[in-house]
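Could you walk me through this model, one spot at a time?

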Amino acid sequence: MRLLYFLEESYGGVADYAHEQANALEECGVRVTLLTTPKYPVGRGEKYAIVPGLVEMKPDQPISNPLKRRARYISIRLGNYKRLAKYIENKGFDHVLVGSYSEYFAPLWSRQLRGLAARGIVFGAVIHDPVRDYVLGPLWWHRRSVADSYRHLREAFVHEAIELDTVRPCPNLRTTVIPTGTFPFPEPTRERGETRASLEIPESAPLLLAFGNIRDGKNLDLVVKSLAEHPEPYLIVAGTVQSTGQKQVSYYRNLAETLGVAGRCRWIEQYVPASEVANLFAAADGSVLTYSGSFRSSSTVLGLTVHYRVPCIASSGEGPLRTLVKKYDLGTWVEPDDEAALKRGMGKFLSNPPRPDWDRFLAENSWLENARLIRERMFQS
């Protein structure tokens, strides 16, 4: 059994996910070739073949002109899908898994894939974000893009039971729920007390950690406001701002100053290497995953909280994050975008910490089960 794995996004959680999934598929007897970009991270114990035949979507330098930025994006996307189709034909692949579904500009690139599907090529896609709230261009174009992006697929893999909005009927499309395993993370290099001391955080103080890309949809302003209600906990915010259109770290710093909680906030405004991530989680008592109601996906940071066994304060819309936190009691759940609810939830977390069922989570959410389901569906006639 041979599988071509198509991955345009060679960075962040999507690349980590692809690596674990591809390795697990190899363990299940599937020979995987990953068609990706030259920037895909290697040296992580890959059991699969890597072909760096795609062009990187992210520019080396930011492009300020929005028209040039969009033109570049369209050109590269169309070129990458042409490369995919050519590679399928040249190498004789019958099964293709798209590592991260995207509908953007599908009317411009999907026709060739539909032709391949009509000849018997089986296409599947991992749909990390099945609810697509972001509308690019006019609504009619968005709807047509969504419809065209599903037409060549036979298999859709999601992390939460859902009826996909395919716009047009897709009677041959099958949807399968697959689990997400945890990612391998390093062990801490410092004791808990050492990390706290380096950040001037008292050993006895509850410590909350907000880790990852800093963006408006994580409600960090509500977290800072909640600190004013609860004088005990300290907060570490570690990561970088995702884009210029988001609130900058200076906004949250100024808010903390205004509310009189700046002395209990620590800001690490940079990319955090893996070893230091481990040290931060080892020092923390809780992880902050307070996504807005528009977030309906899974969270890579949740995997960190499970690996390091740090309970969370979490919120989001309906989706995998909500399901997993509630099912395994991984933390205190609060309604999204609600300052009063977050303040109450923080109080509950501090006074009555959750008791997560870590072992059951790990047993029921493995990469091998993920790969077994992918293999079963993709190679089933």
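Thr 195 counts as buried because its relative accessibility is 0% (buried means under 20% relative accessible area with a 1.4 Å probe, protein chains only). You'll find Thr 195 in helix H5, residues 192-198 (helices are DSSP runs of H or I with at least four residues, strands are E runs of at least two, both numbered from the N terminus). Leaving aside residues up to four places away in sequence, Thr 195 touches Arg 190, Asn 279, Leu 280 and Ala 283, with contact meaning heavy atoms within 4.5 Å.

A word on the ground rules: this is a predicted model, where local features need pLDDT of at least 70 and side-chain atom pairs pLDDT 80 or more, while totals for chains, interfaces and linings use all residues. Numbering runs from 1 along each chain as its sequence is written, and side-chain values use heavy atoms, without hydrogens or water.

Now for the strands. E2 (residues 31-35) has 4 of its 5 residues buried. Strand E1 (residues 2-6) runs parallel to E2, joined by 5 bridges (pairing takes at least two DSSP bridges), and Phe 6 stands opposite Leu 35. E2 also pairs in the parallel sense with E3 (residues 49-51) over 3 bridges, where Thr 33 stands opposite Ala 49.

Finally, the second largest pocket has 14 lining residues, with Arg 151, His 152, Leu 153, Arg 154 and Asn 172 nearest its centre. Here a pocket is an open set of points on a 1 Å grid over the protein atoms alone where a 1.4 Å probe fits, with protein on both sides within 12 Å along at least five of seven lines; lining residues have an atom within 4 Å of a point.

Definitions and conventions. Buried means under 20% relative accessible area, exposed over 50%, partly exposed in between (1.4 Å probe, protein chains only).
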